[in-house]
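I opened my notebook to follow a few side chains.

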Amino acid sequence: NLCFDQLIFKLSKNVYTYFKVLAASILVDKPYRQQLETIQRSNRYLPPKNRFPVLLKQRHFQLLGRSIDLNLLVTQRVNTYLRENLETAIARFESRELTSILELESLLMNIRLTHALLSDFLELDAFDVIMAEVNESVSLISFHGRIVFHVITELMLDLLPNWAFNTTSQRFVRPAKAFVETPTRDQPPRVQDPTRLYGSKAYNHAYLQLADLQRGFFGLPHLQAVLRVIGLDGLALVVSETFEAVKFKIKDEISSYVTAVLAGMPDSTKLPQFTFGTKGCFVHFDIKLKDLKKYEALQSGVFQEFRYVGNAVAFMNLLEIALGEFEVIQFTMAAPFLGAVPTGVDTPTQSTLVNVVQNVAQVIQRKNAMISPSSLQEMLNCAHHADGFFRSMLENRSLFLNTMERMRGFMDPVRAEWMGPPPPEGTINVEHSKEFYRLWSCLQFMFCLPPADGSFPNQEVFGDGFAWAGCAIIFLLDQHRKFNVFDFAYHCLEAEQQMGDRDKIDDRVIIAFLQNSRLLRDLNNLLFSKFEAFIPFTHKGPTCFRPPEDLTFVSDMKSVTIAGGPGAAGGLESSGMPLTPSSALPTSPTTAAPPPPPLSPTITAPPAPPAPAPPAPPPAAPPPPSAPAPRPPGAPPPPGPPPGPPPGAPPGPPSGVPPPRAPPGPPPGPPPGLPPGPPPGPPPGGPPRPPMGAPPPPPPGGASIPPPPPGAPPPPPPSAPR
């Protein structure tokens, strides 16, 4: 019995090794195997010749008077080898990083093909049953297997918090510095038997070399392997756990850091002028943010938490790309059964699968076969369920769009704080903004600064995940356009472009900062374009700003009368000459002073205080200032302007101040019913002289005042303007 057991053991081992090597030779890349054979000059990569199929057909082997089923004994041993092989593959995966998913997939494919080759000669257990048993996914207390659990553990505890994402290569790489400890993993199993891996030492070395090439990063090939290994059922759990992690980070971790950083932001965040130059703008922001740069948890807390959320968003984007390829393959295989046809072709009302099953059921009923009607109805129900399950692939559902919508919901508890108080004028708060985009400008400015102690730069430590998180939050808060206008790093780049002083900068810190800012600006523009492709921006229409109802601040302003056309007031102010209010100017008894011009197109100035009325002369009361004085019928019109203000009127304007210009319009004519008088002009003999002691009338057009005639008394000093 002992010798016979040893015979069965050796025979089963050789049979299993042969089919393992055969499966490895089928799955290996053929050009790769030819290169290995050429380099090593050996035929170790070809399976040896044997006659195992003849032995495996022995069902009644006679030995010492006993009939032995050799096939059954070998089958029992091979089932054990398959379980041990699966246990070794899963244990190796649990002891390594998530990048070893490619090696696990390769081992599972080899074991599955070995099981398929052996099933032609042996009655083995189903591979899915063996896999579920070893993976511990059939337990009543477990909702997932060991593989899914390790994928989630590595994703949450190592990949998202410690790895740096590169948008250009679409890969996660491990940086040189980490702020979170790696999770504790099990010890890898000791593999001394080559059949535990790929069947032989030559194939073990060849496959492991291929796996080592893709172990230093995590990208699209690894995600595709995750989808093939865990399937859609396990993927749903991975996505759910990722959403929960992002929700926890936003509500509990990031919100507290944002509150702390907002409290330490400078009071005024006004952008400096471009005339300061690039260096001046950089120094301005650097001094403003000197307190925030001293924050101890800036890298280990703020940058780290934003990196976690950004890596999660980038991971979901990669997962959607991998899932799109996976669904295209499945849809291509299921389209004929669903009746899916190209655009422009008449779509059938019912799927092909349901029609075929329904026709088969009708044929069976007509022939009176020995099949119960309930069985036919159950078969038809299964066809309807299968059609509904695969028909969901016809709908274009986006996982990344769902991720962005979930993030928008996660920010609801902190949205009011991150949106900031509304500006008092209703426009944009430029100098004292506490919105999230202004906080992100501070963080991005400090992120672009080169390290002062010569350590690794922030771009190498945190990667692009930092920018993914900030741009996603800014876009979901609808602040990305404000961010592009008021960002600090962008302002320094614009100053460099406008002033053209790139060649004049010799400071290494500023040069490195500008280079990092350019890279980050290009990345931000790319991310905003990607987000807008999934969530199009809805234009809300123009915003109407109306003048304020309370005009008390306007009443404090003195309305001025601008003489000499547009720009005259600026010339008077620049020359240092005071502007005389309209109320201080003399009012002519025949012509009213024009009202002051409005301050702006939307805000009108309050009415000026009325000018003091001149004393009435004894003969008759003067007419109102706005109408000409009445005259008897047939009297000729006055020859010209009055000689001056009546006695007792306020003094005239000071020397050098032009009189107010009358509003444009047609020249005043005679009253109705009177014949037109002669054209205006100086009377014969020249204009009349002003009375003795009265100031001379102001010259027309603001011309200079001529000197008084010889012997005339000097004019009185001008009074101060009111």
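**Entry 1: charged pairs**

I looked up Glu87 and found its side chain in a salt bridge with Arg146, 3.0 Å from N to O. A salt bridge here is a side-chain nitrogen of Lys or Arg within 4 Å of a carboxyl oxygen of Asp or Glu. Glu87 belongs to helix α4 (residues 70-94) and Arg146 to helix α7 (residues 146-162), so this pair ties together parts 59 residues apart in sequence. Helices (H or I, at least four residues) and strands (E, at least two) are DSSP runs, numbered from the N terminus.

The model is predicted, so local features need pLDDT of at least 70 and side-chain atom pairs count only at pLDDT 80 or more, while totals for chains, interfaces and linings use all residues. Residues are numbered from 1 along each chain as its sequence is written, and side-chain values use heavy atoms, with hydrogens and water left out.

Is Arg146 buried or exposed? Arg146 is buried, at 13% relative accessible area. Glu87 is partly exposed, at 34%. The cut-offs are under 20% relative accessible area for buried, over 50% for exposed, and partly exposed in between (1.4 Å probe, protein chains only).

**Entry 2: Arg185 and its partners**

Next I checked Arg185. Its side chain meets that of Glu154 in a salt bridge, 2.9 Å from N to O. Arg185 lies in the loop between β4 (171-173) and α8 (201-213) and Glu154 in helix α7, so the pair joins parts 31 residues apart in sequence. Glu154 is buried, with 2% relative accessible area. Arg185 is partly exposed, at 23%.

I also found Asp158 in a salt bridge with Arg185, the closest N and O atoms being 3.2 Å apart. Asp158 sits in helix α7 and Arg185 in the loop between β4 and α8, 27 residues apart. Asp158 is buried, at 2% relative accessibility.

Then I searched the whole structure and got 25 salt bridges. I also wrote down a network of salt bridges that links Arg92, Arg96, Glu103, Asp212 and Arg215.

**Entry 3: Asn311**

I moved to helix α12 (residues 298-338), where Asn311 is found. Asn311 is buried, with a relative accessible area of 0%. Which residues does Asn311 contact, leaving aside its neighbours within four places in sequence? They are Leu159, Leu160, Trp163, Phe165, Phe172 and Gly465. Contact means heavy atoms within 4.5 Å.

**Entry 4: rings**

I counted the aromatic pairs: the structure holds 34. The rings of Phe165 and Phe172 have centres 4.8 Å apart and planes at 50°, so I logged the pair as tilted. Rings of Phe, Tyr and Trp (its six-membered ring) pair if their centres lie within 6.5 Å; planes under 30 degrees apart count as stacked, over 60 as edge-to-face and the rest as tilted. Phe165 is buried, at 1%. Phe172 is buried, at 0%.

Trp440 and Phe466 form a stacked pair, 4.5 Å centre to centre with 25° between the planes. Trp440 is in helix α17 (residues 436-448) and Phe466 in helix α19 (residues 465-476), 26 residues apart. Both Trp440 and Phe466 are buried. I found them again in one aromatic cluster, which also includes Phe179, Phe303 and Trp418.

**Entry 5: charges over rings**

Last, I looked at Arg171. Its charged end sits over the ring of Phe217, 3.9 Å from the centre. Lys13 lies over the face of Tyr81, at 5.1 Å from the ring centre. My test was NZ of Lys or CZ of Arg within 6 Å of the ring centre and within 35 degrees of the ring normal.
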